[in-house]
Amino acid sequence: MSENGHGVKFWPGNIVVAEAAVAAGCNFFAGYPITPSSEIAHQMSLLLPRGGGHFVQMEDELGAMGAVIGASLAGAKALTATSGPGMSLKLENLGFGYMVEAPCVVVNVMRGGPSTGLPTHPSQSDLMQARWGTHGDHPTIALAPAFHQEIFLETIRAFNLAEQFRMPVILLIDEVLGHLSEGVVPPERDAYEIVERAHDSGEPDKFLPYDVTAGDIPPFRPYFDGATWHTTGLNHDETGFPTTDAKHIQQDMYRHYRKVLGNRDVIDKVEYYMADDAEIGIVSFGSTARAAMAAVKQAREQGVKVGLLRPVTVWPFPKDQVYEFGRDKKYLIVPEFNLGQMVYEVERAVHFDRPIKRVNKVGGVPIYPSEILAAIEEVA
Amino acid sequence: MSVDYMPYVREEKLPHMWCPGCGIGVVMKSMIKAFEDLEWEPEDTAVISGIGCTSRLPGYMKVNTLHTTHGRAISFATGIKMHRSDKHVVVISGDGDASAIGGNHLIHAARRNIDLTVIVNNNHIYGMTGGQYSPTTPLGAKASTAPYGNLEPAFDLVKLLIGAGATFVARGHVGNGRQLASFIRKAFAHKGFSFVEVVSNCHTQFGRRNKMADPMNMVNWISDRAVSQKKWENMSAADQEKHFPVGVMFEDTEQAEYCERYEKLIAKLREEQPA
Ligand code: SF4
């Protein structure tokens with residue numbers, strides 16, 4: 001890892017994730033080797049024991065997800081990282097994490113798929129998987145930074161949101177971001193906030209693991225903290241024990257949704273680029289948004305009024321922001337490095353009322369600015 | 001000495017959901033005896049399970065308990081133990097849960113020699129899901145998915161775990177609760193990965209299909225075949241076929257435990273590079 005003056009680190013995105021995780025207070029990592037995410041595990045295995053944290057390479061992806069949730073319930077700030085096929089494997093235990101409300105962060109360094117696909121090439125085709133991959137109803141928080149500095153800050157934010165809302169948070173990057181080296185200035189410790197999960201401080205023997213009388217997020221108490229408590233992947237009540245009471249279950253599942261949808265002011269994040277007077281709007285995320293920014297700049301030089309909205313929080317999808325951005329646009333363009341996923345959300349956000357041009361690509365070669373520029377010129 | 005079970009039981013959760021006469025009760029009783037004997041405080045102890053009849057056991061135990069996904073209990077337990085290696089972590093599992101869907105975690109936790117105790121209630125069948133054959137269903141036995149008799153040879157879990165590197169391996173059975181409790185106690189006290197197979201009865205799903213619908217019939221079928229390891233070794237091959245050995249089958253107290261190795265590494269790095 002080279003350093004070129006004034007605290008600037010020249011790091012691949014995967015290393016940025018690991019360094020930022022440690023900066024966010026992560027003290028546990030469990031993973032399984034998979035390209036193109038493995039460097040996150042490499043770096044965590046190097047960093048964690050130095051600070052008294054623990055790293056383990058598990059025997060499979062499900063095991064890694066299980067160990068992360070176990071550590072979290074024992075009080076750790078836990079991370080796992082994987083890529084497409086590994087994410088598919090993790091999904092069952094990820095659902096368990098939502099059900100028991102275990103804070104943790106799961107990184108998916110996206111590659112081509114389905115199946116083994118393109119291990120060493122990027123894609124953005126796991127966007128919908130992040131939202132709907134595990135079975136059952138649940139809300140999702142997923143963040144998709146596009147620049148290395150942003151990867152650093154969003155990794156910290158992923159941990160903070162996980163802690164604040166007691167749930168797994170997904171960080172989506174892709175092979176381009178994971179392997180590309182770029183300058184990063186790790187912020188000083190006092191320049192960012194570290195959020196800890198709300199801790200139950202009542203009598204240990206009166207502890208109810210899912211007590212939501214004071215709000216939608218039950219105060220947490222790690223294992224071995226004076227109480228003896230139970231939880232399960234079965235639908236459960238405030239005691240953590242299974243229930244089949246339909247009314248309770250429905251209320252509780254809505255509570256899970258409220259945790260996220262009722263706190264969009266903290267969770268939502270979008271960035272705009274040359275959007276103020278734009279007549280043509282582009283909605284794009286992650287590494288593809290970088291190509292879109294280049295295309296916007298070039299089009300602007302030709303006098304075309306085009307601007308970009310870039311969701312950084314991709315789930316929950318920033319539908320209101322996209323509506324505001326998109327409703328008066330002559331045309332919307334949605335470039336994404338897949339065969340069309342985010343475009344469905346954009347269509348819904350603008351009430352199917354705007355013409356939308358898709359720019360899609362698969363096969364491992366990212367979308368070029370020229371391809372997005374061509375789309376702009378077509379609709380301009 | 002009489003044992004006070006109640007400090008470890010969630011009384012309010014009783015009656016339990018198991019069939020009358022199910023072997024799981026003997027396992028639970030043996031575990032509590034060992035907890036009490038070793039003076040493990042409930043709040044310093046965690047019992048983790050997967051899915052199945054056996055995996056409902058933690059719900060009745062007044063310790064820290066986690067009922068996880070099918071086959072994955074050991075992985076959750078690994079995370080808990082690594083983060084809090086000063087605490088006691090036990091996994092309770094059925095034969096299908098531990099050795100079919102969870103087989104990978106079982107062998108790797110053993111290889112790692114992490115200080116967990118895994119107890120497998122081996123009743124030779126998937127009880128909860130309706131009597132399908134498991135990796136430990138005897139060859140020829142009937143199951144809901146083996147109506148003509150099981151065509152697959154069974155795992156010998158003890159051999160499997162010794163082969164995988166477990167540093168304590170024992171086998172007991174539900175026909176001898178006192179002996180079982182002593183094996184479980186030894187397993188709990190062992191520093192490193194310990195494994196106890198409990199040959200157990202599911203008369204409802206296994207017994208009913210194999211002419212042992214009454215729990216005592218199935219328990220007797222188990223007890224009659226259980227012999228000490230020494231006795232078993234002196235048997236003819238034909239006799240061995242009809243029996244199984246019980247006892248502490250393997251013990252290695254020399255090998256360093258995984259979390260201890262890790263804590264040593266942390267201490268060494270701290271020394272080299274103080275924070
Ligand atoms: S089905 Fe079998 S294992 Fe399950 S409770 Fe009944 S006897 Fe026990």
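Me: Where in chain A does A:Arg166 lie?
Reply: This is a predicted model: local features need pLDDT of at least 70, side-chain atom pairs count only at pLDDT 80 or more, and totals for chains, interfaces and linings use all residues. Residues are numbered from 1 along each chain as its sequence is written, while chains are lettered from A and ligands numbered from 1 in the order in which they are written. Helices (H or I, at least four residues) and strands (E, at least two) are DSSP runs, numbered from the N terminus. With those terms, A:Arg166 is found in the loop between helix H6 (148-165) and E9 of chain A.

Me: Is A:Arg166 buried or exposed?
Reply: A residue is buried if 20 or more other C-beta atoms, placed from the backbone, lie within 10 Å of its own, exposed if 12 or fewer, and partly exposed in between. A:Arg166 has 23 other C-beta atoms within 10 Å, so A:Arg166 is buried.

Me: What is the phi of A:Arg166?
Reply: Most residues other than glycine have a negative phi. A:Arg166 is not a glycine, yet its phi is positive, at about 50 degrees.

Me: And B:Lys211, is that residue buried or exposed?
Reply: B:Lys211 also has a positive phi, near 60 degrees, in a residue other than glycine. Its place is the loop between H7 and helix H8 (215-225) of chain B. With 11 other C-beta atoms within 10 Å, B:Lys211 is exposed.

Me: How many residues does domain 2 of chain A bring to its contact with domain 1 of chain A?
Reply: An automatic or database assignment sets the domain bounds, giving domain 1 (2-191) and domain 2 (270-379) in chain A. Their centres, taken over C-alpha atoms, are separated by 26 Å. Two residues are in contact if their C-beta atoms, placed from the backbone, lie within 7 Å. On that basis domain 1 of chain A gives 25 residues, and domain 2 of chain A gives 21.

Me: Which element supplies the largest share of the side of domain 1 of chain A that touches domain 2 of chain A?
Reply: Several elements supply at least two residues each, among them strand E7 (118-122), strand E9 (168-174) and helix H7 (175-179) of chain A. The largest share is four residues, and they come from H5(A).

Me: Which helix gives the most to the side of chain B that touches chain A?
Reply: Between the chains, 33 residues of chain B are in contact with 36 residues of chain A. Strand E2 (64-67), helix H2 (73-83), helix H4 (103-112) and helix H11 (258-272) of chain B each supply at least two residues to the chain B side. The most, eight residues, come from H2(B).

Me: Which residue of E2(B) stands opposite A:Thr231?
Reply: Two strands pair if DSSP finds at least two bridges between them. Strand E11 (residues 230-232) of chain A and E2(B) have three, in the parallel sense. Opposite A:Thr231 stands B:Leu66.

Me: Which helix gives the most to the shell around the ligand?
Reply: A residue belongs to the shell if its C-beta atom, placed from the backbone, lies within 6 Å of the ligand. The surrounding residues include B:Trp18, B:Cys53, B:Asn123, B:His203, B:Thr204 and B:Gln205. With three residues, the helix that gives the most is H7 (residues 203-207) of chain B.

Me: How wide is the arc covered by the buried residues of H5(B)?
Reply: In helix H5 (residues 157-164) of chain B, the buried residues are B:Leu157, B:Val158 and B:Leu161. The arc is that of the directions from the helix axis to the C-beta atoms. These residues are on the same side of H5(B) because their arc is only 100 degrees.

Me: What is the bridge partner of B:Val169 in E10(B)?
Reply: E10(B) is among the elements that the buried residues of H5(B) pack against. E7(B) and E10(B) pair in the antiparallel sense over four bridges. In E10(B), the partner of B:Val169 is B:Phe250.
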